[in-house]
Each structure stands twice: as structure tokens, then as C-alpha cells.
Amino acid sequence: MVSRITLLCTFVNRGVEERVSKICAQNGALYTLACPATGTAASEVLQVLGIGEVSRTMTLSLVPVPLIHHLRRELRDRLYMTQPGQGILFTVPLSGINALAVRSLCRSMEGKNLERSDTPLEQVNFELILALTNRGYSDDVVDAARLAGATGGTLLHARMLGSQEQSSFLGIQMQQEKEVVAILARAEYKIPIMQTIAEKAGMQSKAETIVLSLPVDSIEGLR
């Protein structure tokens, strides 16, 4: 049986990623990656207590669509995602994936007594906003996003690949060390958040931030 594949992402506390991987493997997602990250909290109480940032891990899993509904419930219930601070999961539709990978991933459904459905995932009103900024300017990005209604973000470290000659954009020499701020926001906040980041920390500033967004088609753990 060949089915569509979707990308399942989670933001969980550091150390929980092994449990995420185990649950995913038990339920048909046989390819899971983990990326260290830092979560930023919007709560002034947390900041006063000195715990405004928490160690997080972002996980990425490829999952056949018929298994998504069951896997989401398993992750939500077994990781207590209905409780504050226990993590977030969401899915992002894929526009393409190589055929051999699809066949291999769909074999993971064989022999599993799971509730399966090829019906479309329910529509959700969220977007994943990604801000690619110079190292050291993620606070400027998060502060700008909060002005437009964001409640926080997750920070990942990155670096640009390629030669120095290739590391330019619109004639601007780009800093090699980068930070990626991932923000889950309601769709109605997407444009204001992206515009405010561009105005406060965009390409015209030292942050040199590029902002983009991806559709989210299901979500758990975010209130």
C-alpha cells in the first residue's frame, strides 16, 4: 500500500526526544531526526525566576498520512502534551519525496492494527514562521515577533554552507553563523509577525533576517 507522507515535527524538553523516537517507531514512523534547540518563554514570571529559556529538542519524522491521527494521539497522551510546558507537535505537508522512500515508509504500516484513514487532516489555523538571522540577533527577532502577537519561539543554531563568494544575498555579504527562530502562530498573526520582524530586524539591519512561513495542517499541545 502506497500513501502520502507528511512531516511530523515536535518541540520537546531536552531528553524527551528518545521517547518521541520510540513512540514514533512503534507507530510506523521509522525515520526520526533530533536537533538541539532553545525555547524562549513569553511569561514575565518565568523571566523573573531566571527560567525564561529552556533546553529543547526539535524532532522531525516522516510518517504515512494514514498513521498520523493515531500517532498524534499516542504522542499527545504518552507525553502529556495537554499539560502546559510538555511540548508541541505539528505536521507540515510535503510537496514531494522520492518514490523509494515512500514505499519503504509505507511498509511500516504492514501488520499494524491501527486506525487508518486517508481522509484529509482537519484544517488548522496555524503557520510555522521561520526567521533566519545572524548569530546573536535572535532576541531582536523574538522581541519584534512579540510586538505583533507571538508568544515565543524556538531557537536553532546553523551556519551557511558554501564558499565566501557564494555567501551573499541581494548584493549583501551574509554572516556565516546563523540562528533560526521557529514560531508557531495563528494564521491571522502571520503577516503582522513577518512584517514586524522585517521592519525591526530585516535585511536593512545588522540582523539581516530573512523570514518565511510554512503551512501547518495539524497541531497538538499549543493553546
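A pocket here is an open set of points on a 1 Å grid over the protein atoms alone, where a 1.4 Å probe fits and protein lies on both sides within 12 Å along at least five of seven lines; lining residues have an atom within 4 Å of a point. This is a predicted model, so local features need pLDDT of at least 70 and side-chain atom pairs 80 or more, while totals for chains, interfaces and linings use all residues. Residues are numbered from 1 along each chain as its sequence is written, and side-chain values use heavy atoms, without hydrogens and water.

**Stop one: a pocket.** Select M58, L60, L130, L156 and V180: of the 15 residues lining the second largest pocket, these lie nearest its centre. The lining is 14 nonpolar residues, one polar and no charged (Ala, Val, Leu, Ile, Met, Phe, Trp, Tyr, Cys and Pro count as nonpolar, Asp, Glu, Lys and Arg as charged, the others, Gly among them, as polar). Now colour the strands (DSSP E runs of at least two residues; helices are H or I runs of at least four). β1 (5-13) gives the largest share of the lining, three residues.

**Stop two: α5 and α6.** Show residues 138-147 and 187-201: the axes of these helices come within 8 Å and cross at roughly 135°. Axes are lines fitted to C-alpha atoms over the stretch in contact, with angles from 0 to 180 degrees between N-to-C directions. For the contact (heavy atoms within 4.5 Å), pick D140, V141, A144, A145 and L147 of α5, then I193, T196, I197, K200 and A201 of α6. That makes seven nonpolar, one polar and two charged residues.

**Stop three: α1 and α3.** Select 17-26 and 65-78, helices packed at about 145° with axes 10 Å apart. Touching residues are R19, V20, I23, C24 and Q26 of α1 and L71, E74, L75 and R78 of α3.
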